Structure formats: C-alpha cells, structure tokens
Amino acid sequence: MIVDVPCVFIDARGRVLLWYLPGTINNMIRDDMYAATVGMGDLLKKSVTAGKAGPWRTDHLSFHEGANERLTPGCINLSPCWFQQGHEVLGHAAPKFSPEVSATLKGDHGTQLVISMNLSAILASAALRVMHPALYFAGVDTLLKLGRWARDSGLEDMCDRILHWASVFNVASIMCNRRSPPHRDPKCRPEAFDIMTSISVYHPTVMNIQNFSIKLRYDSCVMVAFSCRLAVHGMHVESGDRIVWAWFMRDSVHNFVATPRPDFARYDCFLEGIVRCHS
C-alpha cells in the first residue's frame, strides 16, 4: 500500500518515527524555492563530479537531465557554521578543527543566498516546533551559542551568515534532478528529524523507506520528516524536474557548543501539547 494522506508513524514505545505531510508547500514558497534553486545554478553545476571515484551523492551518474533548461542538476550543502569534510569529529571528543562557513556560502553572494532561502527555512522550522519541540529548542540554543562564539572569535562572515539564517537547522542540502538509491546518513542523530521538501514537475513517484516497510507518495509540495540515520530511504525519478531541499542538523556542531542531545519525540507529548493549546 502506498500512503498518500497526512499521517504520523509511531513505534511500539510511542516514539514518533516519521511525519508525512503532502501538499504542505503553498504556491508562494514553491515559487520562492524554485527561484532560489535557479539562482544556485553555478554552485550546483560545480558540485557534480565525473571521471574519478567519489561519493555517489555528487557523481555525474546520480543525476539526470530535466525538461527545464533553467534548472541545473547537482547537489550542494549550505551552512552558516559547520565542520568541513574530513574535519568532523563524531561523539564528544575534542575537535582538532573549528567550524567554518560552508564553501557554498563564502564570498559576496553568501548573504543574498541565505536570504533567498528564508521562507522555506521558516516553514521547516515551524514544522519542527510542532513535530519535535525539544529538538527545535536545541537548534535555537545551538545557533545562539555559535553566534556568540563567532562574534567573540572575530569571524565576521560567520556572524553575518548566522544573523540572516532563518532556520533552526544548521545545514540545508539542495538537490536538483538527483537519483536517490536506498541510503541513510550516519552523521545525523538517530533521535533527530530531518525535514525534506520537494517541488517542481515530475511524474508521480514513491519514497520507499525499506526498513520501516513504508511507501509514501512523493508528489510536488510534499514535506516528510524522519531520522536519516535510522531510515533507509530512496526514490527513483528519471524524467521531469525534481527539486529537493533537505534541512538537518549536524551532531558535531551541537557537540562543539555542548548542546544536550534531545530524546526521541513522543506522540503522547504531542497530544499533551494539543490539549494545552485548547485548554
């Protein structure tokens, strides 16, 4: 069975595993995401690798050409403050390196790029406030601490990017016309939610979450939230144009500023919050 109505999946312990919200993105945010993605064309083009061994996420064979010439296939990560590849430390060991602004946000274009993402950033953050309040406030606390650290360290570019960054998540991944084989992300927290939003024009497709035995109709304007550390997920799109913006948090960044790790979201706590709002 393919799920195509809004729903929440929980396990036997009452822990929330997944939120599925089709039709969440309105026309204004959809158009804003499209325009911002078009503006990222040069960065997306440079992200694609060919002729050498590398991660599948940016390998040229992982992308297909679309029908819209304004859209550029590719996959980039944007963050106002994170650890560069190879500098990340998992767990609570003292890092040998300090976080930096992602390469995609360095330079004169960085601030405007962050601003162009603000509507989608606010939507994802508001959704997380409902889905996982403890994680939402952990994200807020982390960004406030990072802002103070950047200010005290004299990192003006980082201060500027954090100031304009409207999301409680500390990383956004922008994907355009990318094939997504079944995978998971070991760098994300098992207790956390990553939020994925998809727009543009493509044939109806299905997100298959293999180890949960869940299949979701993955149409344009959908929002899906789950832990990419736990869920083995993938989808197959070979034609049309598909833009995905994925918002997530890096454990290493939270550890850097000693933000406590929230527990799993629980459905009974969600229901209690609804009761309080109506009492």
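A salt bridge is a side-chain nitrogen of Lys or Arg within 4 Å of a carboxyl oxygen of Asp or Glu. The side chains of Asp 268 and Arg 266 meet in such a bridge, with 3.5 Å from N to O. The structure discussed here is a predicted model, in which local features need pLDDT of at least 70 and side-chain atom pairs count only at pLDDT 80 or more, while totals for chains, interfaces and linings use all residues. Residues are numbered from 1 along each chain as its sequence is written, and side-chain values use heavy atoms, with hydrogens and water left out.

To say where a residue sits, its relative accessible area is used: buried means under 20%, exposed over 50%, and partly exposed in between (1.4 Å probe, protein chains only). Asp 268, at 37% relative accessibility, therefore counts as partly exposed. Arg 266 is partly exposed too, at 32%.

A search of the whole structure finds twelve salt bridges. In one of them, Lys 106 is joined to Glu 100, and the closest N and O atoms are 3.1 Å apart. Lys 106 has 40% relative accessibility, so it counts as partly exposed. Glu 100 is partly exposed because its relative accessibility is 27%.

The next salt bridge needs the names of helices and strands. These are DSSP runs, numbered from the N terminus: helices are H or I with at least four residues, and strands are E with at least two. Arg 250 forms a salt bridge with Asp 185, the closest N and O atoms being 3.5 Å apart. Arg 250 lies in the loop between strand 11 (243–248) and helix 7 (251–256), and Asp 185 in the loop between strand 5 (180–183) and strand 6 (194–199), so the pair ties together parts that are 65 residues apart in sequence. Are Arg 250 and Asp 185 buried or exposed? Both are buried.

Six of its six residues are buried, so strand 11 is largely enclosed by the rest of the structure. Both of its faces are covered: Ile 243, Trp 245 and Trp 247 are buried on one side, and Val 244, Ala 246 and Phe 248 on the other. Two strands pair if DSSP finds at least two bridges between them. Strand 11 pairs with strand 4 (residues 171–176) in the antiparallel sense over six bridges; here Ala 246 is the bridge partner of Ser 173. Strand 11 also pairs with strand 6, again in the antiparallel sense, over five bridges. In this pairing, Trp 247 is the bridge partner of Ile 195.

Trp 247 also takes part in a ring pair. Rings of Phe, Tyr and Trp (its six-membered ring) pair if their centres lie within 6.5 Å; planes under 30 degrees apart count as stacked, over 60 as edge-to-face and the rest as tilted. The structure holds five aromatic pairs. The rings of Trp 165 and Trp 247 have their centres 5.9 Å apart and their planes at 65°, so the pair is edge-to-face. This pair links distant parts of the chain, as Trp 165 is in the loop between helix 6 and strand 4 and Trp 247 is in strand 11, 82 residues apart. Trp 165 counts as buried at 9% relative accessibility, and Trp 247 counts as buried at 1%.

Helix 6 (residues 156–164) has Met 158, Arg 161 and Ile 162 as its buried residues. They cover an arc of only 95° around the axis, which puts them on the same side of helix 6; the arc is that of the directions from the helix axis to the C-beta atoms. An α-helix has 3.6 residues a turn, so residues three or four places apart point the same way. On the other side of helix 6, Glu 156 and Leu 163 are exposed. What do the buried residues of helix 6 pack against? They pack against helix 3 (110–116) and helix 5 (133–152), where contact means heavy atoms within 4.5 Å.

Other rings also meet a partner. Tyr 136 and Phe 137 form an edge-to-face aromatic pair, 5.1 Å centre to centre with 90° between the planes. The charged end of Arg 129 sits over the ring of Tyr 136, 5.9 Å from its centre. For this, NZ of Lys or CZ of Arg must be within 6 Å of the ring centre and within 35 degrees of the ring normal.
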